[in-house]
Number of protein chains: 2
Amino acid sequence: MIKPLVTGLIGFGNIGSGVLRAMAERAEELKARLPRPIVLKSIADKDTTTRRDAPYHKDQLHGDAAVVLEDPEIEAVMELIGGVEPARTFVERALRAGKHVVTANKALLATHGPELLALAAENGVGLLYEGAVGGGIPIIRTLQQGLSANRLTAVRGILNGTCNYILTRMAEAGLPFDQALTEAQEFGYAEPDPTYDIEGYDTAHKIAILASLAFGMDIRFDDVFVHGITDIHPVDIKHARELGYAIKLLGIAQRHASDGSVIVRVHPTLVPLASPLGMVGGVFNSILVEGTPIGPTVYYGRGAGPEATSSAILSDLMALASDTHGFNAARDARLTVRVGERTLRPIDQLRTNYYIRFSMVDRPGAMAEIGRALAEHNVSIESMIQHRVELAQGMATITIVTHEALEKDVQGAIAAVEASEKSAGKAFVLRVEE
Amino acid sequence: MIKPLVTGLIGFGNIGSGVLRAMAERAEELKARLPRPIVLKSIADKDTTTRRDAPYHKDQLHGDAAVVLEDPEIEAVMELIGGVEPARTFVERALRAGKHVVTANKALLATHGPELLALAAENGVGLLYEGAVGGGIPIIRTLQQGLSANRLTAVRGILNGTCNYILTRMAEAGLPFDQALTEAQEFGYAEPDPTYDIEGYDTAHKIAILASLAFGMDIRFDDVFVHGITDIHPVDIKHARELGYAIKLLGIAQRHASDGSVIVRVHPTLVPLASPLGMVGGVFNSILVEGTPIGPTVYYGRGAGPEATSSAILSDLMALASDTHGFNAARDARLTVRVGERTLRPIDQLRTNYYIRFSMVDRPGAMAEIGRALAEHNVSIESMIQHRVELAQGMATITIVTHEALEKDVQGAIAAVEASEKSAGKAFVLRVEE
């Protein structure tokens with residue numbers, strides 16, 4: 001007699017509804033593929049009244065998470081609340097009670113992942129989170145298993161569909177940021193309060209999780225340098241294109257060949273127009289993983305939404321239900337073991353190419369001022385665009401792309417230019433990835 | 001006391017050497033990640049004299065596969081010979097002896113996969129083959145696990161680096177096929193006898209394997225419609241580009257929404273230049289998987305070579321070594337279970353757009369002849385290019401792209417045109433994927 005995998009759901013929003021729909025629609029194939037049927041016993045959510053577009057009976061829905069967390073019959077808990085609290089408390093209680101946890105909560109994992117994974121291992125249960133990054137793209141499993149034989153050197157990704165939609169619209173329709181954001185909100189691609197997405201926090205949570213897996217290090221949200229997309233001007237997108245680049249918000253984690261140290265950062269980035277990342281438009285995600293011996297590999301798909309995310313969450317439930325003699329949590333824990341010392345390198349030690357837009361007083365000598373400041377800080381110019389763009393009265397915009405330089409030097413040069421009388425305002429910096 | 005995973009290798013060529021190198025280079029991380037160390041005990045290959053560029057002791061190398069197959073201490077066998085026989089016999093013997101098998105042998109799996117997987121299940125061991133398709137791209141695991149929650153509807157892939165290199169060079173340098181092939185052979189991207197690659201057989205083996213996994217059906221090499229790239233003329237690539245397409249050799253497996261029937265085919269295909277497949281150049285592979293609820297996802301990477309393939313093979317060994325209480329073969333078998341009836345649809349029932357290059361006598365009425373024949377067979381023209389390309393004396397080339405039409409009708413129309421006195425030779429057909 002085979003015991004079904006009895007599950008409980010905490011947090012009954014769009015994602016949760018999507019998971020229940022997917023489970024119902026796929027019931028027959030799940031039966032054929034899995035040795036153990038997956039059963040949803042109870043659901044907990046503050047809102048017990050709103051009818052959801054999902055197959056469930058109202059008696060299954062309760063206002064108190066304890067109904068799920070304290071039910072000895074429930075073997076696996078889906079945590080789909082999002083945010084750190086109360087999600088963290090619920091997940092800890094579930095793990096301590098010996099229940100597997102399936103979550104799509106990137107904020108929780110990026111801030112407390114290592115402790116929670118350790119707690120899961122202690123209690124001999126699994127903590128699965130395929131849905132936390134990349135929506136339907138199975139990037140977590142790919143890093144844990146598919147690429148496990150490689151020494152990974154870099155992960156670069158378009159990880160936030162909202163930002164990519166906004167940047168795509170700015171590029172295609174020449175919209176200013178605010179207008180593109182408003183449009184994204186109208187289409188439901190951006191939240192009424194878009195801060196978490198447009199300031200890069202969502203991407204930072206995701207790249208922290210990917211970096212931890214890729215490098216086997218304890219890397220958290222606080223370790224990530226973050227700069228969002230709110231201050232990108234249409235002129236930057238125009239300049240970038242003239243130079244053969246698109247501007248994308250990337251999460252980037254790189255391991256330095258020299259000492260194995262890692263820099264993890266999120267910022268708008270110039271990427272070649274005809275590259276696996278430069279080509280990605282709209283709300284899609286794309287993740288470039290590089291390693292030895294494998295070389296470059298790319299994973300592309302829908303990065304968010306109930307459909308994509310429910311595919312990831314259901315694949316985690318299927319992993320739990322695919323072992324007749326119980327899910328092998330020990331193995332799961334092994335795959336997320338720390339194999340490297342945590343050696344992070346500060347952003348000012350970054351070496352890359354830079355795009356810098358200077359706002360100068362529209363008077364002779366402005367260019368000379370910039371040239372001098374850059375030279376004094378060992379930053380050499382690869383290409384330059386000078387436009388009398390009237391971003392403000394009597395102001396000239398001078399945009400350059402540097403050869404590879406040290407972030408510290410670039411910031412020094414910029415400070416020097418901004419301090420000069422020829423400066424008409426702050427410079428705007430973007431980093432370049434070839 | 002933890003028992004190491006003792007392995008044996010049969011077939012000591014480039015791939016085998018690459019695996020041994022990768023195991024040595026990654027020794028430390030393998031130790032950290034795996035509960036059981038992986039040990040290579042013995043190697044079997046006909047050639048026991050040639051020194052390989054890999055870390056092994058000559059005493060480990062034997063001429064007789066029995067040394068590996070009959071050693072009770074060996075728990076897992078790597079079969080890296082390639083080809084159906086004697087690989088099939090060796091794999092069967094290993095499975096019957098209760099040994100796990102790791103192979104990259106696409107020909108073997110595409111012809112006898114279902115029997116071998118069943119034999120593995122009977123004997124409670126695993127048959128792992130991540131290296132058989134897509135080189136370092138973990139597409140097998142992705143279909144088995146990552147996308148397991150989806151109802152997959154289509155798999156389209158550039159699966160053969162040799163063909164993609166040749167087509168890329170034909171497009172970029174305008175080379176004729178023969179010259180591009182010679183170049184590929186000089187660079188070692190093509191075999192001295194390139195038949196297996198350029199006739200599409202390699203791609204057909206791979207798409208049969210992917211289709212079986214994606215649709216849970218028993219689909220074999222013999223079920224695949226195959227047409228290679230040898231008869232592509234530079235003018236076709238030129239025409240395709242004028243129409244906004246690249247020509248790529250694709251393996252395509254589609255499930256029809258109406259009745260769930262599947263067509264599996266390999267042929268040169270027109271794909272939009274700026275698409276995830278159209279952009280792929282050189283020896284890289286790219287695989288587009290579509291399903292519900294996930295939508296489109298793409299997987300890109302190096303498709304061949306000892307580096308990429310050894311990453312896949314080593315990831316399979318790591319899967320075997322990651323379970324302290326033995327690899328869960330039952331689970332592995334489950335993931336390849338047949339969930340669907342095998343319902344294949346013949347190629348003449350295909351509905352798509354067609355690119356047709358007619359060779360006509362350079363005389364009035366040629367176009368009228370083509371128009372009449374197409375109309376009589378319910379095939380309508382979407383766009384047309386007429387060139388007096390002198391492929392032969394006094395011959396006109398008329399190239400059209402049709403609206404969606406039935407393959408049967410298209411072939412009928414072509415036969416009618418070829419039978420007419422206005423025809424100056426056989427027509428050349430390519431299919432289009434939007």
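This is a short tour of a predicted two-chain model, stop by stop, for you to follow in your viewer.

Before you start, note that residues are numbered from 1 along each chain as its sequence is written, and that chains are lettered from A and ligands numbered from 1 in the order in which they are written. Because this is a predicted model, local features need pLDDT of at least 70 and side-chain atom pairs count only at pLDDT 80 or more, while totals for chains, interfaces and linings use all residues; side-chain values use heavy atoms, with hydrogens and water left out.

**Stop 1: both chains together**

**Stop 2: where the chains meet**

Now select the residues in contact between the chains (heavy atoms within 4.5 Å). Chain B contributes 52 residues and chain A contributes 51. Of the interface residues of chain B, 98% are also interface residues in chain A, so the copies meet through the same surface. The two chains bury about 4,700 Å² between them, with 54% of it on carbon and sulfur atoms; buried area is the accessible area (1.4 Å probe) that two parts lose on being put together, summed over both.

How many salt bridges cross the interface of chain B and chain A? The rule finds two, a salt bridge being a side-chain nitrogen of Lys or Arg within 4 Å of a carboxyl oxygen of Asp or Glu. Show the side chains of A:Arg151 and B:Glu29 to see a salt bridge with an N to O distance of 3.8 Å. On the chain B side, the elements that each supply at least two residues to the contact with chain A include helix H6 (139–146), helix H10 (201–215) and strand S12 (295–302). Helices (H or I, at least four residues) and strands (E, at least two) are DSSP runs, numbered from the N terminus.

**Stop 3**

One bridge to pick out is that of A:Met78, whose partner in S5 is A:Val102.

Bring chain B back briefly. There, too, six strands form an open sheet in the order S3-S2-S1-S4-S5-S6, and the pairing is parallel. Strands S1 (5–10) and S2 (38–44) of chain B run parallel and are joined by six bridges, with B:Leu9 opposite B:Ile43.

**Stop 4: the domains of chain A**

Colour chain A by domain: domain 1 is 5–138 + 308–336, domain 2 is 147–302 and domain 3 is 351–432. These bounds come from an automatic or database domain assignment. Focus on domains 2 and 3 of chain A, whose C-alpha centres lie 24 Å apart. Here 17 residues of domain 2 touch 14 residues of domain 3, and the area buried between these domains is about 1,400 Å², with carbon and sulfur atoms giving 68%. In domain 2, select A:His239, A:Leu243 and A:Leu270, which lose the most area to domain 3 and together make up 36% of what that side buries.

The rule finds one salt bridge across this domain interface. Select A:Asp236 and A:Arg357 to see a salt bridge with its closest N and O atoms 2.5 Å apart.

**Stop 5: backbone details in chain A**

Most residues other than glycine have a negative phi, and most peptide bonds are trans. Zoom in on A:Glu85 and A:Pro86, where the peptide bond is cis with omega near 0 degrees; A:Pro86 sits in the loop between S4 and helix H4 (87–96). Another cis bond joins A:Thr292 to A:Pro293, with omega about 5 degrees, and A:Pro293 lies in the loop between S11 (284–292) and S12 (295–302).

Methods. Two strands pair if DSSP finds at least two bridges between them.
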